[in-house]
Amino acid sequence: MKYIVLFLFLLFLDLFSKYYVLNFISNSMTLIPFIDLLVTSNTGIAFSLFSSSDQTIKIILILVISLALLFLGNEFRNAQSSTYKYALTLIISGGFGNLFERILRGEVTDFLHLRIEKFSFFVFNLADLFITLGAIVIFIQWIRLRKIK
């Protein structure tokens, strides 16, 4: 039950943040010294890979993301470790947040611009952050388990 509550909370947070920036933010602004609020849309995946207005590409992306989420859901179901389940919950909630928006709008809203001084890294959203944090937790857990062996 706790994982479902976390999943729903993170999904709501992601979708609400995208709705908010799309409807109420019109100008870029600095949030903290290295993150700006900069609303943009992405038809592709991470780092705008596979960006396209072609419907076939969009459908393929939706299918591939859906299959990945099914795989991760199965991983979650079989997971023994609560740490692994929390990490998968982060990844799955982020994946669903981006998938829902991709299905409804045909693109994903990104709005957090990571930069150092004038050097721009990338623009992302909360779903991307959740996915990244979940992946980092899994990677750290994997390293720890390898050290034990």
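## Helix packing and buried residues in a predicted model

L99 is found in helix α3. With a relative accessible area of 5%, L99 is buried, because buried means under 20%. Beyond its neighbours within four places in sequence, L99 is in contact with I62, I65, S66 and L69. I62 is 37 residues away from L99 in sequence, yet their C-alpha atoms are 6.8 Å apart in space.

S66, one of the contacts of L99, lies in helix α2. S66 counts as partly exposed, at 24% relative accessibility. Between S66 and M1 there are two separations to note: 65 residues in sequence and 23 Å in space, C-alpha to C-alpha.

### Helix pairs

Two packed helices are described by the angle between their axes and the distance between the axes.

| Helix pair | Angle between axes | Distance between axes |
|---|---|---|
| α2 (residues 55-78) and α3 | about 160° | 10 Å |
| α3 (residues 82-105) and α4 (residues 126-148) | about 155° | 7 Å |
| α1 and α4 | about 145° | 8 Å |

Take α2 and α3 first. Their axes pack at about 160°, and the two helices are therefore roughly antiparallel to each other. Their crossing is left-handed. On the α2 side, the contact uses L61, I62, I65, S66, L69, L72, G73, E75 and F76. On the α3 side, it uses Y84, K85, L88, T89, I91, I92, G95, F96, L99, R102 and I103. Sorted by class, this contact has 13 nonpolar, four polar and three charged residues.

Now α3 and α4. Their angle is about 155°, which makes α3 roughly antiparallel to α4. This crossing is left-handed. From α3, the contact draws on T83, Y84, A87, L88, L90, I91, S93, G94, G95 and N98. From α4, it draws on A127, D128, F130, I131, L133, G134, A135, V137, I138 and Q141. The class count for α3 with α4 is 12 nonpolar, seven polar and one charged.

Then α1 and α4. These helices pack at about 145°, with axes 8 Å apart. L10, L13, D14, S17 and K18 of α1 meet L126, A127 and F130 of α4. The residues of this contact divide into five nonpolar, one polar and two charged.

D14 itself lies in helix α1. Its relative accessibility is 0%, so D14 counts as buried.

A127 lies in helix α4. A127 is buried too, with a relative accessible area of 0%. Its contacts, leaving aside neighbours within four places in sequence, are D14, K18, G94 and N98. A127 and Y86 are 41 residues apart in sequence, and their C-alpha atoms are 15 Å apart in space.

### Nonpolar cores

In soluble globular proteins, nonpolar side chains tend to be buried together. Here the largest nonpolar core has 11 residues in all. They are L10, V21, I25, I35, L37, L90, F111, L112, F124, L126 and F130. Elements α1 (2-24), β2 (35-42), β3 (108-116) and α4 each give two or more residues to this core. I25 touches Y20, L37 and V39, with residues up to four places away in sequence not counted.

A second core is separate and has nine residues, including F7, L69, L88 and I91. L69 is on the α2 side of the α2 and α3 contact. L88 and I91 are among the α3 residues that meet α2, and they also take part in the contact with α4.

### A backbone exception

Where does E117 lie? E117 is in the loop between β3 and β4 (119-124). Most residues other than glycine have a negative phi. E117 is not a glycine, yet its phi is positive, about 55°. E117 counts as exposed, at 67% relative accessibility.

Note on methods: Residues are numbered from 1 along each chain as its sequence is written. This is a predicted model: local features need pLDDT of at least 70, side-chain atom pairs count only at pLDDT 80 or more; totals for chains, interfaces and linings use all residues. Side-chain values use heavy atoms; hydrogens and water are left out. Axes are lines fitted to C-alpha atoms, for helices over the stretch in contact, and angles run from 0 to 180 degrees between N-to-C directions. Helices (H or I, at least four residues) and strands (E, at least two) are DSSP runs, numbered from the N terminus. Angles under 35 degrees count as roughly parallel, over 145 as roughly antiparallel, 65 to 115 as roughly perpendicular and the rest as oblique. A crossing is left-handed if the near helix is turned anticlockwise from the far one by less than a right angle, and right-handed if clockwise. Contact means heavy atoms within 4.5 Å. Ala, Val, Leu, Ile, Met, Phe, Trp, Tyr, Cys and Pro count as nonpolar, Asp, Glu, Lys and Arg as charged, and the others, Gly among them, as polar. A nonpolar core is a set of buried Ala, Val, Leu, Ile, Met, Phe, Trp, Tyr and Cys residues joined through side-chain atoms within 4.5 Å. Buried means under 20% relative accessible area, exposed over 50%, partly exposed in between (1.4 Å probe, protein chains only).
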